Amino acid sequence: MFDLLSIVFKYIFVIIIYMFIFVIIRMIYLDIRAMESNPEDSGAYLKLLNRLDSLPYRVRDSYSLKGTISLGRSSENDIVIKDPFVSKRHLMITKDEEEYFIEDLGSSNGTYVNKQLLVDAAKLVNGDIIKIGDLEFIFVNRR
Amino acid sequence: MKNLMDGRLPRRLLLLFELMSMSLILLYRRDSLDIKTVALAFGLLVVVYGANYILSRLSDGDLYIFLIVSMLISIGIIMIFRISSDLGLKQLMWLVIGVGAFFGSYLMITKISFWESLFPVYIAAAYSFFAMTLLLGDRKHGAINWISIGGISFQPAEMTKIILVFILACFYSSRDKFNKYKYADYWMMGVIYSFIGLLFIQRDLGTAMIFMGIFTGLQYIYSNDRMAIRANLGLFTIGGITAYILFDHVKVRIMTWLNPWPYIDNKGYQITQSLFAIAEGSYFGTGLGRGNPSFIPLSYNDFIFSSITEEMGVFTGIGIIMLFMILVYRGFKIALKQDSKFYRILALGITLMFGLQSLVIIGGVTKVIPLTGLTLPFVSYGGTSVLSSFIALGILQGASEKLTREEIR
Amino acid sequence: MNLEKKRILILLASLCTGFAILIGYLSYFQIFRAEDVRNNSYNKRLWINEDKILRGSITDRDGNLLAYSEASDGTARRIYKYDRLYSHVIGYSLKEYGKSGLEKSFNSYLVGANENTAINELINLINPTGVGNNLKLTIDHSLQAKARELLSGKKGSIIAMDPKTGEILAMVSLPDFNVNTLIQEWNTVSEDTNSPLFNRATQGLYPPGSVFKIVTAIGVMRASNPDDLYNCTGTVIIDGKEFSDSDKKGHGELGLNEAFAKSCNTYFAIKALEIGHSELLKIAEELGFNKKLDVGLESSSSVFPTDSKGDTDLAASGIGQGRILATPLNMLAIIAGIANDGAMMEPYLVSEMTSPEGKLINSHEQALTMQVGDIDEIARLKEMLREVVKTGTGRNASIKNVAVAGKTGTAENPTGKNHAWFAGFAPFDDPKVAVVVILEEEGSSGGSSAAPIARDIMIHALNNVDFNR
């Protein structure tokens, strides 16, 4: 019985190991491809205005906006900012046809667009400054 | 948005592999099972899966290296357990400790930032380790490698390897600090050569080669004095030839590498048994539990690769080589992406260590190059080996993150 | 940064190359070397099945039992029906001293493991038998016995084969040894300076002498004019060295056919220079020199020097001396190939492997090793070989009522007495058997000592062997 299992398994093991290897290779390849496209080349993005090294947590200097993205402290968001002044689910940016809209999701400390507190959803225009907690982003949309 | 299926697939494949192989091995050892073994086995499963998960939450850096290592340790533990349940249990324990050490060293590297300024400390530590080995060491398998303290034996040389990487990282990243000493490069070379010499005295030729390799590799990249590199290579060649002439045990290694068959029942015994095992395995192996890895001396240690190839086939052997290749690739990638020179060299040194060690030992047991007494990182049995490999991996993991907190010079 | 990056990438490439080399070597090893390595006597894995499995039996072409195993209270004993007759062909299988001969090369079949495919592995599991598989040889027992009888008292080898199929009908090498008492006599046998353990048929390397003129003759037909007359005066000096015939008076004017029949040394020595080293090398290699002939036994490759060392060396090669060395098996393959109109068949010893229940597992597929020469060359060569026996140096090989063809050879041996060779086949019109006889250090000529033995072998073969085609 054992021998039979061992013989059958040996083929399965080789298959699993190679699947493992190839999945990893593929994932790495996809990562490279994604990284090669700089977020700043395609469509709209948020660019960080603060100095990176003045921040005690991890932030990227630009985030590309493809379609709908959520921002907040929780890891479920598309953009994760681990700042205590940022709420778990802080804001949402949606794309409707060619326009981008920003909406605060009921955050504790609020979202400021061009120094104005955001109450309803607002349309984003190229050059708008978005402030959440200590962070300042500029919305760039070259179209 | 991450594609969940893709992200979790390798982990799931790994889990499947571990479950199937563990069940098979437990079936193989059904006569001597106890609850402790089963518990530890599934414990490891949980630890590996959990560690991968925790890491993905904790670290912004490379997630592949730990994944690859997880597969390597799985293949290793399965084989070790198949060969001996005693050793299997011990290895299980070391693996769990190792994973802990991994997180430990990862946190130390990312949270603490004065590693660059400890150059003299590293030098002192290295020499102390060597002194310790020479004074307190036991001779095992012809080499004075081991120290036994209270029943646990460990190899200081494994730790010294990592210290070497730190020394070189300090040296090359703050090169200008050393400019006040003329011929700093040559002094460094001298220090390294003294290490290698000490290893030679200990008869640990394999580790000596690794030291040489790591140093030469980093020197090739970072030394501004290209003469020093040529001097290094020249001395190495002369040293090698002298060693061959002077030392009998070097001669023996070369003879049995070129043609072991006439010495098949004494000096050539190990390598020929290894070749028999590899030949027996064919493409898919004989099947776990159906081969005879116990015919190979040190089947769980230096020759673990041959044992695995016997029972799991040449395909699995090639798979292991490919896994190391990807690990090395990721290590270099991590180094290239790292802005800080110190951490970059750290990453390079550690990757070189993994890469060279696996190349040398796999090459040795397949008779591509002469045999040396080295372990296959993560796969071979051995507490110190597992521990130092995980610590090194943790450092690499740390170096894979954008360490934005270092001082800007 | 750029220079650093470049160097880092170079280092990465070197490491990856290292890994690629390992992968390549492992693959190469598995494909080409694994089988040979496995069959090494020191591989304990070969022996683990020994006690569990009853080793298969070996029979000759007519089913006569030659070797078998029987079990008595738990242990198995290997019994060889004939003490010495098959000591080189079948060999032995001993725990103490390893395996040799077909016992070694077919070990995995004899111990039960069939082809190592997935399906067979599963079959073996589901239906395990404690008995190994059987081998059926191409050897004809009575011919083998006759060959040994004819060779007894001498050193050397006799091999006989069917030129149309490649079946080896008899293979004897003397001195030989007693397999049934080998364990007790190991020290004497292994230290005997006459090397009884050595299989002269496949491993023995001797200067072929005049038998090599077959090769030179083909060279003459290709690179020179075979009908040109050469005046043989008994000796000729080439680059200071003298080449002569045994008949110092000289043969007079002769063309290829006559020179061949009379085995004129001076003719072939001169002609070798005309043909040139590279052409002669090419023909020799076509005929199997410098290549391995694998019949499942330890064998050597015949040697034709690949480098050219001047005229005297070339002339010596032309008459089968100098640095040329040939195995009896290779010479047999050549003569059989010519007998078979240029189609050199691969010689083999094992025709079938059957399971203990008698089911056929594997049978040898007859293979054409090489098609040598064109029709006219071969036809002319055959005529020349016929002439050797009819009127030339091979007269002692003639059989009443059967046309025999062949070539004699008396090879000079730098370290001792001459070797006597004969290679031939019969009947001329429809060859059934090809034979090679070599008498090591016999001292007399091929025509006088080796040819009569060849004749007797051929007579016995034609009368007794069942050629079952």
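Chain C touches chain B through 26 residues of chain C and 33 residues of chain B, where two residues are in contact if their C-beta atoms, placed from the backbone, lie within 7 Å. On the chain C side, α1 (2-38) and α2 (44-47) each supply at least two residues; helices (H or I, at least four residues) and strands (E, at least two) are DSSP runs, numbered from the N terminus. Helix α1(C) gives the most to this side, with 20 residues. By type, the side of chain C that touches chain B has 16 nonpolar, four polar and six charged residues. Here Ala, Val, Leu, Ile, Met, Phe, Trp, Tyr, Cys and Pro count as nonpolar, Asp, Glu, Lys and Arg as charged, and the others, Gly among them, as polar.

This is a predicted model, in which local features need pLDDT of at least 70 and side-chain atom pairs count only at pLDDT 80 or more, while totals for chains, interfaces and linings use all residues. Residues are numbered from 1 along each chain as its sequence is written, and chains are lettered from A and ligands numbered from 1 in the order in which they are written.

Chain A also meets chain B, in a contact that takes 26 residues from chain A and 33 residues from chain B. The chain A side divides into 20 nonpolar residues, one polar and five charged.

Now to chain B itself. Its secondary structure comes to 14 helices and three strands. Its C-alpha atoms fill a box of roughly 70 × 60 × 40 Å along the principal axes. Of its 409 residues, 52% are buried, meaning that 20 or more other C-beta atoms, placed from the backbone, lie within 10 Å of the residue's own. Among the contacts in chain B with a separation of 6 or more, 70% join residues 24 or more positions apart.

One pair of helices in chain B shows how helices pack. Two packed helices are described by the angle between their axes and the distance between the axes. The axes of α12(B) (residues 304-337) and α13(B) (residues 341-365) come within 9 Å and cross at roughly 160 degrees, with axes being lines fitted to C-alpha atoms over the stretch in contact and angles running from 0 to 180 degrees between N-to-C directions. The two helices are therefore roughly antiparallel, the term for angles over 145 degrees. The residues of their contact include Phe324(B) and Leu327(B) of α12(B) and Phe354(B) and Ile361(B) of α13(B). This contact divides into 15 nonpolar, five polar and one charged.

Methods
A residue is buried if 20 or more other C-beta atoms lie within 10 Å of its own, exposed if 12 or fewer, and partly exposed in between; C-beta atoms are placed from the backbone. Angles under 35 degrees count as roughly parallel, over 145 as roughly antiparallel, 65 to 115 as roughly perpendicular and the rest as oblique.
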